[in-house]
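The sequence and the structure are shown below.

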Amino acid sequence: YFEAGGRGCAVLSHVNPDGFLPECGFWAETDNFAEGLRFLLDNDQWRRKGEHAYRYVAERSRYDDAVNVHLDLYQNVLPVKA
């Protein structure tokens, strides 16, 4: 979802991780994929949902934050040299 959202793509899915859908696409929780596709194509909903998905991802995944998470992990796992 983050990869698609980071590219501005709306998502059509059966699962809804982290409440990502329906704001960023269509949640086909009852396997109603045809309905979801029609919804996304109607009045350019796919474009609006994709823009929202992009903003959602941009607000939650900054490069510096990701690097810091990795550095913290490495420092906790690797032995420290004196």
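## Nonpolar surface patch

L73 has a relative accessible area of 47% and therefore counts as partly exposed (buried means under 20% relative accessible area, exposed over 50%, partly exposed in between, with a 1.4 Å probe and protein chains only). This residue lies in helix α4, residues 63-77. Helices (H or I, at least four residues) and strands (E, at least two) are DSSP runs, numbered from the N terminus.

Together with V67, L71, Y74, V77 and L78, L73 makes a nonpolar surface patch of about 550 Å². Patches consist of residues with over 30% relative accessible area and no salt bridge, like charges being joined within 9 Å and nonpolar side chains (Val, Leu, Ile, Met, Phe, Trp, Tyr) within 5 Å. Accessible areas come from the Shrake-Rupley method with a 1.4 Å probe; for residues, only the protein chains shown count as cover.

## Basis of the model

The model is predicted: local features need pLDDT of at least 70, side-chain atom pairs count only at pLDDT 80 or more, and totals for chains, interfaces and linings use all residues. Residues are numbered from 1 along each chain as its sequence is written, and side-chain values use heavy atoms, with hydrogens and water left out.

## Helix α3

Helix α3 comprises 16 residues (45-60), which should span 22 Å at 1.5 Å a residue; the end C-alpha atoms are 23 Å apart, in agreement with this. The expected span is 1.5 Å times one less than the number of residues.

Q45, K49, G50, A53, Y56 and V57 are buried in α3. They are on the same side of α3 because they cover an arc of only 120° around the axis, the arc being that of the directions from the helix axis to the C-beta atoms. The cover over these buried residues includes α1 (2-6), β2 (25-27) and α2 (33-41).

## Salt bridge

The structure holds one salt bridge, defined as a side-chain nitrogen of Lys or Arg within 4 Å of a carboxyl oxygen of Asp or Glu. E59 pairs with R60, their closest N and O atoms being 3.5 Å apart. E59 is exposed at 60% relative accessibility, whereas R60 is partly exposed at 47%.

## Backbone features in loops

L21 and P22 are joined by a cis peptide bond with omega of about 10°. P22 belongs to the loop between β1 (11-13) and β2.

D31, not a glycine, has a positive phi of about 60°; D31 sits in the loop between β2 and α2 and is exposed at 51% relative accessibility. N43, also not a glycine, has a positive phi of about 55°. The loop between α2 and α3 contains N43, which is exposed at 56%.

Terms used. Contact means heavy atoms within 4.5 Å.
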